[in-house]
Amino acid sequence: NSTSAQIGVDGGTIQSSDGSFVMEIPSGALKETKQITITKDSSLIGQIPEGYGKRTPIIKFEPEGLTF
């Protein structure tokens, strides 16, 4: 369940097709236009400690290393 959008210096919004999440990126947060991808329920990196379980979706933001 991934969604992507081109977001530029003016900011923008990324919304999942099922409406389960929305990410608003404000004006000035990015110095240039970037393809932002959000993946819901992506694969877990590492392991959940024993005695714990996954209670919320795992969300992955790309491109990796992008700073705002």
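Thr37 sits in strand 4. The model is predicted. Is Thr37 buried or exposed? Thr37 counts as buried, because its relative accessibility of 15% falls under the 20% cut-off.

Ser4 is the bridge partner of Thr37. The side chains of these two residues also meet, in a polar contact of 2.7 Å. Beyond its sequence neighbours up to four places away, Thr37 touches Ser2, Thr3, Ser4, Lys60, Phe61 and Glu62.

Now the strand pairing. Strand 1 and strand 4 run antiparallel and are joined by six bridges. Strand 1 covers residues 2-7. Which residues of strand 1 form its covered face, and which the uncovered one? Thr3, Ala5 and Ile7 make up the covered face. Ser2, Ser4 and Gln6 make up the uncovered face. In a regular strand, side chains alternate between the two faces of the sheet. Ser4, on the uncovered face of strand 1, is the residue whose side chain makes the polar contact with Thr37.

Strand 4 spans residues 34-40, and a loop runs from there to strand 5, residues 59-62. Leu44 lies in this loop. Together with Ile48 and Tyr52, Leu44 forms a nonpolar patch on the surface. The three residues have about 320 Å² of accessible area together. Leu44 itself is partly exposed, because its relative accessible area of 42% lies between the cut-offs of 20% and 50%.

The two relative accessibilities are set out below.

| Residue | Relative accessible area | Class |
|---|---|---|
| Thr37 | 15% | buried |
| Leu44 | 42% | partly exposed |

Conventions. Residues numbered from 1 in each chain as written. Predicted model: local features only at pLDDT ≥ 70, side-chain atom pairs only at ≥ 80, totals over all residues. Heavy atoms only, no water. Patch = residues over 30% accessible without salt bridge, like charges linked within 9 Å, V, L, I, M, F, W, Y side chains within 5 Å. Areas by Shrake-Rupley, 256 points an atom, 1.4 Å probe, with all protein chains shown as cover. Salt bridge = Lys/Arg side-chain N within 4 Å of Asp/Glu carboxyl O. Helix = DSSP H or I, 4+ residues; strand = E, 2+ residues; numbered from the N terminus. Buried < 20%, exposed > 50% of the residue type's maximum accessible area, 1.4 Å probe, protein only. Pairing = 2+ DSSP bridges. Polar contact = N/O pair within 3.5 Å; in protein donor to acceptor, adjacent residues only side chain to side chain. Contact = heavy atoms within 4.5 Å.
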